[in-house]
Amino acid sequence: MNLFKQLPGFVKAPPGLERTILRLLPRVWLFGTLLLAIPSLLARLLLPDSAAAETAARTTLVDIYAISLIVLHWTVVLTVAIGAFIVMVMKGPAYVADAYPLDDADTPARPREP
């Protein structure tokens, strides 16, 4: 049984920028995450240990900002990936939908009178 019957005569669109975007996204995700994690690492290495409570508060603040930016970065990358995937699917082949019989296909039913 052929589950996906392609529409005859349909010309597929050539791949475009969406394929390039999908190929670059893993690197953008990884390097962007590492770049956004650098401030948290630097805060742990460069802040002095003179006042432990103050240092812990600043480090925690930097960690919160870094985590929030990383989550934002992941969300943007996922959104771009979904958009590029949708464009890629829409450029693919067209498929024929299964027909179903209509009860009143030749003569429309008369509306009911009140």
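In the predicted model described here, Glu18 counts as buried, its relative accessibility being 7%, where buried denotes under 20% relative accessible area, exposed over 50%, and partly exposed the range in between (1.4 Å probe, protein chains only). Glu18 forms a salt bridge with Lys91, and the closest N and O atoms of the pair are 3.3 Å apart; a salt bridge is defined as a side-chain nitrogen of Lys or Arg within 4 Å of a carboxyl oxygen of Asp or Glu. This pair links distant parts of the chain, with Glu18 in helix 1 and Lys91 in the segment after helix 2, 73 residues apart. Lys91 counts as partly exposed, at 26% relative accessibility.

Residues are numbered from 1 along each chain as its sequence is written, and side-chain values use heavy atoms, with hydrogens and water left out. As the model is predicted, local features need pLDDT of at least 70 and side-chain atom pairs count only at pLDDT 80 or more, whereas totals for chains, interfaces and linings use all residues.

The secondary structure of the protein comes to two helices and zero strands. Helices (H or I, at least four residues) and strands (E, at least two) are taken as DSSP runs and numbered from the N terminus. Helix 1 covers residues 17-46, and helix 2 covers residues 52-90. Of the 114 residues in the protein, 14% are buried. The protein exposes about 9900 Å², of which carbon and sulfur atoms supply 69%; accessible areas come from the Shrake-Rupley method with a 1.4 Å probe, and for residues only the protein chains shown count as cover. Among contacts (heavy atoms within 4.5 Å) between residues at least 6 apart in sequence, 81% join residues at least 24 apart.

The buried residues of helix 2 are Thr55, Thr59, Asp63, Ala66, Ile70, His73, Val77 and Ala84. Helix 1 is included in what covers these buried residues. An α-helix has 3.6 residues a turn, so residues three or four places apart point the same way.

Ser40 is found in helix 1 and counts as buried at 13% relative accessibility. Not counting residues up to four places away in sequence, Ser40 touches Val62, Asp63 and Ala66. Asp63 counts as buried at 15% relative accessibility and forms a salt bridge with Arg44, the closest N and O atoms being 2.4 Å apart. This pair also links distant parts of the chain, Arg44 lying in helix 1 and Asp63 in helix 2, 19 residues apart. Arg44 is exposed, with a relative accessible area of 51%. The structure holds two salt bridges.

Thr33 likewise lies in helix 1 and counts as buried, at 15% relative accessibility. Leaving aside neighbours within four places in sequence, Thr33 is in contact with Val28, Ile70, His73 and Trp74. The side chains of Thr33 and Trp74 are joined by a polar contact of 2.8 Å; a polar contact is a pair of N or O atoms within 3.5 Å, of which, within protein, one must be able to donate a hydrogen and the other to accept it, residues adjacent in sequence counting only if both atoms are side-chain atoms. Trp74 is placed in helix 2 and counts as partly exposed at 38% relative accessibility. Apart from residues up to four places away in sequence, Trp74 touches Trp29 and Thr33. The C-alpha atoms of Trp74 and Trp29 are 6.8 Å apart, while the two residues are 45 residues apart in sequence.

Leu78, also in helix 2, counts as exposed at 53% relative accessibility. Its C-alpha atom is separated by 8.8 Å from that of Leu25, 53 residues away along the chain.

Note on methods:
The expected span of a helix is 1.5 Å times one less than its number of residues.
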